[in-house]
Structure formats: structure tokens, C-alpha cells
Amino acid sequence: MSKVADKKVYRLKQHSLAKISCYRNYVDIYLSVLANSPFEKLYLLDLFAGEGKDIDGNLCSSISGAEALKRHFTHCPEDRKKIVFFLNDPGNSVIEKGLKKIDRVKKFIDELQLPENVTVKYSSENFEDIIDGVVKRLSQLNSRERALCFIDPFGYKYSKPEKIRDLLANGKTELLLFMPICFMHRFTAKAMKDEDYTEGRHIEEFVSILFEKQIPDIHNQVAFIKGIQKQFKTYLGIPFVDIMYIEKEKSQFFALFFFSNNKKGFQKMLEAKWAIDDQNGHGFTVNKAAITNTLFDNIDHEDYTYQLYEEIRKKEVLSNQEIFDFGLNNNHLPKHTKKVLDELKRDGKIIISTSNGEAALGYYLEDNHNKKIIVSLKK
Ligand SMILES: C[S@@+](CC[C@H](N)C(=O)[O-])C[C@H]1O[C@@H](n2cnc3c(N)ncnc32)[C@H](O)[C@@H]1O
């Protein structure tokens, strides 16, 4: 089927299916992490909800989210939390002429018969007309409420850093943002080379707000994604930003960014993500060269083995809590950190001791572990 015909019949492409599957995973984890929490009400917002299902019956984000809710409450009937499921899309259906996309979504959701603690709200407004209202409503969440928001536009003109900052400002919202990195990367390169490139207005605004006066590293798309991740952390002032890479074709990426203020929730998300990586054979391995190569030439500075070793070299002494936090902030789990520490210990580069200076038996890499351990650089 040609691309034009695909568009006419609305057939989800491989990278869109991958994105929706990542989104569904996040929703599953979010619901299960919060199942045993004291929170009483969750808001799940999909602000670019789509058609519901494509021409082949593949689920869009809206129905994937609805199925995740149904699955969760079927398996976990003791969870009596209230859910407000807000779905928005202003578009007209290209599959069923005369229907709005959101009416099609409603039809599929009605068939699903969601449990009665789930209230679904439908809207067909332009994002730009409702976002300030959404931010205002989320800023009024009380201490027993939380929200997860999905932003999945065509392109990136609505993915403005200021709006993302506003959405996260209450400290109670987690956000998933899909970004077509391959297009953004191409247009950034063009806008940086050609001052008269007027079509690049949105990307120029995005880059100049997020990177301020710095020039983004665009030598490849992965470097560009990592730069965006780093700048988001600084700009938004939130500790946890994770990325799912979706490779469209060789070295052409889309990315799903996950923003969170919550340490425990973020750790659970990372566990689930690494479980998928382990299954796919892209799991974590210690990079011995980062430890043994004293010249540090040819070393990937984004490599976690290198980063952790550098942190210990720089600070010379770190507690188990600091090491645990460093791992999470760099999107790695305690089991990865343990592997690196084991290797450094074996190579005689670090000493592990208790606060009394005695040899320690373990690293105790958990948040707020009652045992305190010191990792120090061996000089
Ligand atoms: C990339 S699609 C997202 C699809 C959906 N999340 C899915 O999984 O299929 C973008 C959607 O944004 C909708 N859209 C277009 N302009 C919009 C706007 N100004 N505000 C909100 N949604 C818009 C389109 O109708 C389209 O369904």
C-alpha cells in the first residue's frame, strides 16, 4: 500500500504501533504502581486521542488506554480508586466519513463497558484552546489525586517547553510526550545553517527556549535526543526524565519522553523498561574499557560505566543513597550499579566500608536503606 493510500485509509505505521505499545506499558505500570497507594483519584488525559482504531483494527492510544484500565480493574477489583479518563481530538474521522474522531472513540469505549469507577470525558477542542484550562485544573489537584498526561501531536508545534513546564508544575502530574526527533533534527540543522529558513520557526523557538544560548549537539540523532533530555531536566527543574527510543529506520528516531517528579514511580517505570530491553537482548553490560582505559580516548561519555566511575573519581566519597540516586538520575537500576561497583572493587579501584570504617558486605542500593555504606576511591 502506498503512503498516500495509507493516509487515506488511516493505517497505523510500525513506529506508531511501537509508540502505542510503549504508552500502554506506561499506563499499565502507572496503574499497578498506584494500586496500593493512598491516592483516591487519578486523571488520565490523552489530549491527541486519534481515531480509536485504524482500518485494520489496531488500537490507537485512546482505546489502548481504555483497555489498560479495564484490564487493571478486572485483575485488581480491590482497587476502588476513581478514574477520570479525559480524551480529546478535534479531527474528523478519515475512516468513517461524517463522524468526528472523538465520536468514533466513544463508540469503541461504549463497547468496552468500563467499570463504573471510570468516568470518561470526551472533548473535540484544539489543544491550543484547552491547554491553559487543563493546566489550571491540574494545578488544583489535591494531595490524594494524581495525573498522567499523554501528548501525541503530529509534528512538534504544540510541544512547547513552557507548556510542559506548566503541566508538571503541580508536582503531581507525570507526562508522556512523543517527539518526531528525525524531523526535528533535520530542521534544527537547517535552521542553524540558514538564518533565512523561515519554515523552521517552531523548531527554532523550541531549541532557543530549551537550550537557551547553547548550541545543541546535532552530530547524530542520539546525541540530539540526549541533549534534549538534559536540557529538559534543567529547564523543567524535575529530577526524572526517561526516553524510549523508537527507530523508524536505520539511525532515524522517534522518542517517547517520560517526565516524573516521583522517585518510586520512576524506578518502577525503569524496571519495566529494562525488562523489555533485557528480553530484546539490549540489556545492560559493564563496559570494562571505561574502567581500565586510563587515557579515556575513544570512550563513550554517555556510557553508564564511565559516568558512575567518573562520579566516584570526582567526589572521591559517596554514600549508598547518593549512589542509588545517581543511578536513577542516569536512568539505571541498582542491579546495573551493583555490576559496575563489583567490577571496580575487583579491579581495586574502590573501597566499600560501613560508616565505622569496617569492611561492608553489601552495597544496600535502596532508597532510604537503614544501613549506611561509604564507597570511596582507592588512591
Ligand atoms: C499523531 S495523531 C495521534 C493519534 C493517537 N494518539 C493515536 O494513538 O493514534 C495526532 C492527532 O492529533 C489530532 N489533532 C490535530 N490537530 C490538533 C489540535 N490542534 N489539537 C488537538 N489535536 C489535534 C489529529 O486529529 C490526530 O488524531
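Which domains does the domain assignment of the chain give? Good morning, everyone. The assignment gives two entries: domain 1, covering residues 3-279, and domain 2, covering residues 288-377. Please keep in mind that this is a predicted model.

Let me begin with how the domains meet. The C-alpha centres of domain 1 and domain 2 are 33 Å apart. Their contact draws on 15 residues from domain 1 and 13 residues from domain 2.

How much area do domain 1 and domain 2 bury between them? As background, the size of an interface is often expressed as the accessible area that is lost when the parts come together. Here, domain 1 and domain 2 bury about 1,100 Å², with 54% of it on carbon and sulfur atoms. On the side of domain 1, the residues that lose the most area to domain 2 are K263, Q267 and W274, which together make up 47% of what that side buries.

Across the interface of the two domains, 2 salt bridges are found, and 6 residue pairs are in polar contact.

Which elements give two or more residues to the side of domain 1 that touches domain 2? They are α9 (221-236), β6 (240-249) and α10 (263-279). The largest share of that side comes from α10, with 7 residues. Sorted by class, the side of domain 1 that touches domain 2 has 7 nonpolar, 2 polar and 6 charged residues.

I turn now to the ligand. There are 19 residues around the ligand, and those that come nearest are F48, S61, D89, F127 and D152. I shall describe the atoms involved for F48, S61 and D89. For F48, a backbone N or O atom lies 2.7 Å from a nitrogen atom of the ligand. In the case of S61, a polar side-chain atom is 2.8 Å from a nitrogen atom of the ligand. D89 instead places a polar side-chain atom 2.7 Å from an oxygen atom of the ligand. Thank you for your attention.

Notes
Residues are numbered from 1 along each chain as its sequence is written. This is a predicted model: local features need pLDDT of at least 70, side-chain atom pairs count only at pLDDT 80 or more; totals for chains, interfaces and linings use all residues. Side-chain values use heavy atoms; hydrogens and water are left out. Domain bounds come from an automatic or database domain assignment. Contact means heavy atoms within 4.5 Å. Buried area is the accessible area (1.4 Å probe) that two parts lose on being put together, summed over both. A salt bridge is a side-chain nitrogen of Lys or Arg within 4 Å of a carboxyl oxygen of Asp or Glu. A polar contact is a pair of N or O atoms within 3.5 Å; within protein, one must be able to donate a hydrogen and the other to accept it, and residues adjacent in sequence count only if both atoms are side-chain atoms. Helices (H or I, at least four residues) and strands (E, at least two) are DSSP runs, numbered from the N terminus. Ala, Val, Leu, Ile, Met, Phe, Trp, Tyr, Cys and Pro count as nonpolar, Asp, Glu, Lys and Arg as charged, and the others, Gly among them, as polar. A residue is near a molecule or strand if one of its heavy atoms lies within 4 Å of it.
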